[in-house]
Amino acid sequence: MRRVSAVGLALAACVTASSGLATAAASPATGRGTDSATGTATATGTATGLDRYYQQDLAWGTCVTGPDDTVGRDLDEAGAQCADATVPLDYAEPDGRTITVAMSRLKATDTRHRIGTMLLNFGGPGGPALDTPPLMRKVMKDVGARYDIIGFDPRFVGRSTPLECGWPTGIFFRSAGPDRAGFDRQVAFQKDLADKCRATNASVLRHVTTRNTARDMDVIRGALGERKISYLGYSYGTYLGTVYSQMFPGRYDRMVLDGAIAPQDYGPGLLRDAVSENEQALADWAAWAASRDATYHLGRTRDQVLATVDRVNEAASRRPLTIGTGSDTYRVDDSEIPLLLFAMLSDDGDASRAELGAAVSVLSEAAKGKPTRLSPTFTASLRHVLTGDNSPTGSVQTAILCGDRAAPRNPESYWRGIERSRAAHPRFGPMTENITPCAFWDRPGEAPTQVRRDAPALIVAATGDPRTTYRGSLKLHRELPSSKLITLTGANRHGIYGEYGNACVDDQVNRYLATGKLPAEDRTCTKQATERQD
């Protein structure tokens, strides 16, 4: 489901920082505090009221929460332990309501050469990471044994204190469709989603932000007794890592940012900048499918396959398509089909392309009125979009996006953007330009984070990334002059290190994690390369 929820990365007026949030986050592990709004050093002491959080004892134990908890069993079998960190809901009121942040720890086994603690975030926003330390231990190869690896579910995610708006969907993204009537339906739909969150969670929404997650990370650092933490973040997790580096300078050691987002580009309209990459990824997939027409029956050329995609969407605009059988029967319309396609374009591997080919074949048959059967993967995607099974995922994802940066309020501004996009981006423009719940959200309580400090991070990026574009990684690289960039050419892929199987990328990242030394120069790797390319 992380692949499905990665669509939510898709998700601008600055607001004034709340003076109450400009509090000192004192850390007994460092002897100095950092102003949680500006990042400047402040005097230590109990005046901040945060010492009890930084000094808390974490009760590490089994990760199993019940007889059906397979994730917990897998973590226990891998040797991990779990604990909950207590953090304030509102850092301006540390004596007020508290919430918990769930985390797992896989301790270093090479204790003689232990480097320190590494925190993980796999994006979303709102993606869990509690289950990931065993996977990352394998990805990191020999150097993995030298770290305590921490996977944590950010506030209101997964096993942490939950947030649930009671949505009929697991994700808010939709296309506006071909006409004004479709857009007007979207305005009503998105407003209803925002209203549901406000009705059920008004007291916490303003505290569901990336800046508060960064504060939680620093509490975790202090509770672990570490002067510094290392960090690995993918996708939205690169934004979280950048925010942490700006709010808590001097508190991090090694930082890897894979599929980076430039902070000024992050917000409710983020996917607007990736529409060209997704149109290209769809065209590349269409060429792949055309060479396998005997399997998918979508057309023998790229243009024929794309024409089939367009016919499917046109048919759904006239009448929702009925797909599946029995209890797994669904109706999809032209607001949902672009999202379903988009969700399957984050990986250019054969397995992912085959899933998209099978899905489009099902939709094509349904457009002709023929019966269809669904794969388990497509069924999961449909349930994510069309049912409330994953309402908590969509709820917290949206709360983070809307809580971090304000969106335009006037529906007409979205409609104008949709109309302008149709000529150049007819398939995805009406989705990436569409209105979102953020148009109806309460204004954020803090200004968005700006990069004002250098950070010596290692940035990893693919030139054809269809989620967080290569342009974004280049921009962040320029804003962090001490950073270094590893570029993977020839790949339409989101998430590279340890996920794509490129030895050139993986080896350079692991070398950095082992030595703490960034490459002397930026590096370029090629798709399927087995050694470093200069």
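The exercises below, each with a worked solution, concern one predicted model.

Residues are numbered from 1 along each chain as its sequence is written, and side-chain values use heavy atoms, with hydrogens and water left out. Because this is a predicted model, local features need pLDDT of at least 70 and side-chain atom pairs count only at pLDDT 80 or more, while totals for chains, interfaces and linings use all residues.

**Exercise 1. Find how many disulfides the whole structure holds, and state the pairing of the bonded cysteines.**

Step 1. Apply the criterion: a disulfide is a pair of cysteine sulfur atoms within 2.5 Å.
Step 2. The search of the whole structure gives four disulfides.
Step 3. With the bonded cysteines numbered in sequence order, the pairing reads 1-2, 3-4, 5-6, 7-8.

**Exercise 2. Describe the disulfide of Cys63 and Cys82: is it left-handed or right-handed, and which parts does it tie together?**

Step 1. The sulfur atoms of Cys63 and Cys82 are 2.1 Å apart.
Step 2. The S-S torsion of Cys63 and Cys82 is about 100°, so this disulfide is right-handed.
Step 3. Cys63 sits in the loop between helix H2 (51-54) and helix H3 (70-77), and Cys82 in strand E4 (residues 81-88), so parts 19 residues apart in sequence are tied together. Here helices (H or I, at least four residues) and strands (E, at least two) are DSSP runs, numbered from the N terminus.
Step 4. Cys63 and Cys82 are both buried. Buried means under 20% relative accessible area, exposed over 50%, and partly exposed in between, with a 1.4 Å probe and protein chains only.

**Exercise 3. Carry out the description for Cys402 with Cys438 and for Cys504 with Cys525.**

Step 1. For Cys402 and Cys438, the S to S distance is 2.0 Å.
Step 2. The torsion about their S-S bond is about -80°, so the disulfide of Cys402 and Cys438 is left-handed.
Step 3. Cys402 belongs to helix H14 (residues 391-404), while Cys438 is in the loop between helix H16 (429-432) and strand E12 (458-462), so the pair ties together parts 36 residues apart in sequence.
Step 4. Cys402 counts as buried at 3% relative accessibility, and Cys438 is buried with a relative accessible area of 3%.
Step 5. For Cys504 and Cys525, the S to S distance is 1.9 Å.
Step 6. The torsion about the S-S bond of Cys504 and Cys525 is about -65°, so this disulfide is left-handed.
Step 7. Cys504 in helix H18 (residues 503-515) and Cys525 in strand E14 (residues 523-526) are 21 residues apart, and the pair links distant parts of the chain. Cys504 and Cys525 are both buried.

**Exercise 4. Describe the packing of H10 and H12: what is the angle, and how far apart are the axes?**

Step 1. Two packed helices are described by the angle between their axes and the distance between the axes. Axes are lines fitted to C-alpha atoms, for helices over the stretch in contact, and angles run from 0 to 180 degrees between N-to-C directions.
Step 2. The angle between H10 and H12 is about 50°, and their axes are 9 Å apart.
Step 3. H10 and H12 are therefore oblique to each other. Angles under 35 degrees count as roughly parallel, over 145 as roughly antiparallel, 65 to 115 as roughly perpendicular and the rest as oblique.
Step 4. Thr308, Val309, Val312 and Ala315 of H10 make the contact with Val360, Leu363, Ser364 and Ala367 of H12; contact means heavy atoms within 4.5 Å.
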